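Student: I'd like to go through this one quickly. Can we start once it is on screen?

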Amino acid sequence: MQVLTTIDAVRTARARFDQIGLVPTMGYLHEGHLSLVRRAREECGAVAVSIFVNPTQFSPREDFSRYPRDLERDLRLLEAEGVDLVFTPAPGEIYPEGFGTYVVLPAADEVLEGAARPSHFRGVATVVCKLLNIVQPTRAYFGQKDAQQTVVVRQMVRDLNIPTTIVVAPTVREPDGLAMSSRNTYLTSEQRAVAPVIYRALRAAAQSYQAGERDATCLRQQIADLLASEPLVKPEYISLADPMTLLELDTIGARGALISLAARLGSVRLIDNLLLD
Ligand code: AMP
């Protein structure tokens, strides 16, 4: 496994492979990330993983400096998965003096995570665009856990004619249903114990949908009521949106819906979602 910190070294190393899959991450790896690595290996043979806590996708009020990091452990996990290349650039390698070009998708900033986190998707789209240009992967792998990110990345790749196939893989969960996330490590044991209500609430709404409920307001209310049973969990938004445009729905039609929510447990902000199709 080659661990590389410069763009030049990645370009040289990448040239040895015909096909390669890229898994972009911010590190502090868990089974969710590793599921993407395994999928990339199955489909592409060779795998590159980037580990980069991207400063431009955090607002000044967010957790950039305290975002969990453990590079040694991450490298051990990736070595055990048979990863070929790991790219761990310093911020100055990605954003050198004089850097000034950003990828902006204005519609993404109007809804869901984009509305809650101004300029977040500008940072995400910019860094993913750069990573795709640097590694030039055949396919790049993203988790359904970050549903709006997958919509943003797909649109960017389409709009900018980037010759990489985007693959979205299912959310990996803890046995009690909590979506795996590097941020789960911030939870106190009390918060961790109640956090699975998030998935229970999403599942309950999905069951109502399967039983025939199509009124989005009723489904949002059902989720809100279930979350209210755990006062430590404070919802920031509860959304039933069109899975492609991410615009809020009144009634769920033939395209189904993305049910998604963000909730705070103390200062920890968690997101989760389910697709209804
Ligand atoms: P992150 O390190 O949080 O930026 O995540 C890197 C990639 O892993 C993104 O494409 C995430 O959507 C994906 N990911 C994070 N958590 C999970 C999970 N629980 N299941 C599947 N993919 C995940």
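Tutor: What follows goes over the overall fold and then one residue, in a predicted model.

Student: How many helices and strands are in the protein chain?
Tutor: The protein chain has ten helices and nine strands.

Student: What is its radius of gyration, and how does that sit with a compact globule?
Tutor: The protein chain has 19 Å, which agrees with the value near 19 Å for a compact globule of 277 residues. The C-alpha trace spans about 55 × 40 × 40 Å along its principal axes.

Student: What share of the residues is buried?
Tutor: Of the 277 residues, 55% count as buried. The accessible surface is about 12800 Å², and carbon and sulfur atoms account for 51% of that.

Student: And the contacts, what share joins residues at least 24 apart?
Tutor: It is 72%, taken among contacts between residues at least 6 apart in sequence.

Student: Charges next. How far apart are the mean positions of the positive and negative ones?
Tutor: They are 1 Å apart, for 29 positive and 33 negative charges.

Student: Switching to Leu-232, where is it found?
Tutor: Leu-232 lies in the loop between helix H10 (216-228) and strand S7 (234-241).

Student: Which residues is Leu-232 in contact with, leaving aside neighbours within four places in sequence?
Tutor: Glu-190, Val-194, Arg-264, Leu-265 and Gly-266. Gly-266 is 34 residues away along the chain, with 7.2 Å separating its C-alpha atom from that of Leu-232.

Technical notes. Residues numbered from 1 in each chain as written. Predicted model: local features only at pLDDT ≥ 70, side-chain atom pairs only at ≥ 80, totals over all residues. Heavy atoms only, no water. Helix = DSSP H or I, 4+ residues; strand = E, 2+ residues; numbered from the N terminus. Rg over C-alpha atoms; globule rule 2.2 N^0.38 Å. Buried < 20%, exposed > 50% of the residue type's maximum accessible area, 1.4 Å probe, protein only. Contact = heavy atoms within 4.5 Å. Areas by Shrake-Rupley, 256 points an atom, 1.4 Å probe, with all protein chains shown as cover. Lys, Arg positive; Asp, Glu negative; His and termini not counted. Charge placed at Lys NZ, Arg CZ, Asp CG, Glu CD.
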